[in-house]
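Hi,

Here is the structure we talked about going through together. Have a look at it, and then read on for my notes.

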Amino acid sequence: MEKFIWDKNLKVRLVGEGLFNLLFWMYFPFITVYFGEILGFKIAGLLMSMPPILSIIGSLLGGNVADSLGRRPVMLFGTLIQMLMFVMFAFSTSPWIDYIAFIGIGIGFSLYRPASSAMVADLVPEKNLRQVFATFMTVNNIGAVLGPVIGAIFFFQYRQELLWTCAFVLFLYLMAIYYITYETLPKSKKELDLTSPLKHSFKQRWNGYTIIFRDKIFMVYVGAGIFSLFPIMQLDLYLPVYIINNVPAQPLFTWNGDSLILSSNEIFGWLVGFNGLLFVLFILPVTNWFKNWQERNIFILSSLLAGIGTFLVGMNNNIWYLLFVTVIFTFGEIVRTPVTQSFVSHYAPEHARGQYLAADSLQNTLGKAMAPLTVFLASFIPPVGIFSLIVAFSFIGVLLYIKLFRLYSPQLKMVDGD
């Protein structure tokens, strides 16, 4: 990979997001259980579907503004919102204020994400996008290795201190973005947008999204992503509920008559930490192994591994068995991650890259809005029914990916033939 790719913008993002993700994974995997224990799991299941829906607005707005005013101001604003919401969360003594703060954190991140991804796409040649996005994912998931293991203790016993630390790290990252990074939006486009009247600018932005939403190929891609991500998102939703309520405390290993006994909470923390460790160790090698694979086959493989692996979680409660199936569904997530962003980056026209990346986040936000359905249904349906629903969604995703590339491949051939 060329040296010039890693300029100061990318380095600031790499360090800042890596530090924040270490803290993020100390609280996020346990948030559904937290609201479920306080408000009840039926209510928690409904409440957890709301933040992703509200984040859609932030994501679309963030991508839109990033294509006109620039990537940097949107990143600053999104980071500021997250910092303030963590301060509110830390001060809160009410679960409802906690919930409002949690929604605000999601909105702030949804504003930040498309601008941040567009900045990477602005700076990195297309041939290097998979490797660069994989490197970012590796750094981001270093925190996912230790975060859940430590968070199983800190989130429930030292929550305020943890939240204040998240706010402080975001403040440092905000300062770094402001003082170190520079704008990457092409000057010609920025000048064009700034000379347009405000009313015309908003109309132009809305028209841009209506064109994207009429893009049949892209909409099939988003739909396939929603169903395929449904199993992957259960790691933070139904799996903690299932494991904490159904998996008994048991020894991880025994040595000279002594055993390391893990509670249900700690077992879940170890599984999420193991998930993060697999990401750190394998995302770059896996990206390299599959570099010659067609995107179609990678998306299909990902959906199958994630769905089947998550389904198998409900078949046995032994911790070593659970660690084994964690390998299966984690590899389903690993193989798709860098390909998703690189697919959108080369599919989207350059002048609308931020908007397409924002629209791409619909599969995450709508997937997150649907995923808590499992937590709600868990009050009525036994685990085998929930896990069957999860694997069924993954098969629907496979069918949609097959349809996507039947539509997309002829278009590529036409372009190549011109």
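Before the notes, one term: buried means under 20% relative accessible area, exposed means over 50%, and partly exposed is in between (1.4 Å probe, protein chains only). Two words on the source, too. This is a predicted model, where local features need pLDDT of at least 70, side-chain atom pairs count only at pLDDT 80 or more, and totals for chains, interfaces and linings use all residues. Residues are numbered from 1 along each chain as its sequence is written, and side-chain values use heavy atoms, with hydrogens and water left out.

First, the overall picture. The chain has 19 helices and two strands; these are DSSP runs numbered from the N terminus, with helices being H or I of at least four residues and strands E of at least two. Of its 418 residues, 57% count as buried. Taking contacts (heavy atoms within 4.5 Å) with a separation of 6 or more, 84% are between residues 24 or more positions apart.

Now the charged side chains. Glu17 is buried at 10% relative accessible area, and Arg13 is buried at 7%.

Arg159, in helix α8, is buried yet has no salt bridge. The nearest side chain of opposite charge is Asp98, 5.4 Å away (Lys and Arg count as positive, Asp and Glu as negative; His and the chain ends are not counted). Leaving aside residues up to four places away in sequence, Arg159 touches Tyr34 and Phe154.

Helices α1 and α8 (residues 159-180) also pack together: their axes come within 10 Å and cross at roughly 170°. The axes are lines fitted to C-alpha atoms, for helices over the stretch in contact, with angles from 0 to 180 degrees between N-to-C directions. The pair is therefore roughly antiparallel; that label is for angles over 145, while under 35 is roughly parallel, 65 to 115 roughly perpendicular and the rest oblique. Among the residues making the contact are Arg13, Glu17 and Phe20 of α1, and Leu162, Cys166 and Tyr173 of α8. The contact divides into 14 nonpolar, two polar and three charged residues. Here Ala, Val, Leu, Ile, Met, Phe, Trp, Tyr, Cys and Pro count as nonpolar, Asp, Glu, Lys and Arg as charged, and the others, Gly among them, as polar.

- Helix α12 (residues 238-246) is largely enclosed by the rest of the structure, because seven of its nine residues are buried, including Tyr238, Pro240 and Ile244.
- Asn288, in helix α13 (residues 264-289), is partly exposed at 41% relative accessibility. Its C-alpha is 7.9 Å from that of Gln131, 157 residues apart along the chain.
- Phe133, in helix α7 (residues 129-157), is buried at 5%.

Cheers

How values were computed: A salt bridge is a side-chain nitrogen of Lys or Arg within 4 Å of a carboxyl oxygen of Asp or Glu.
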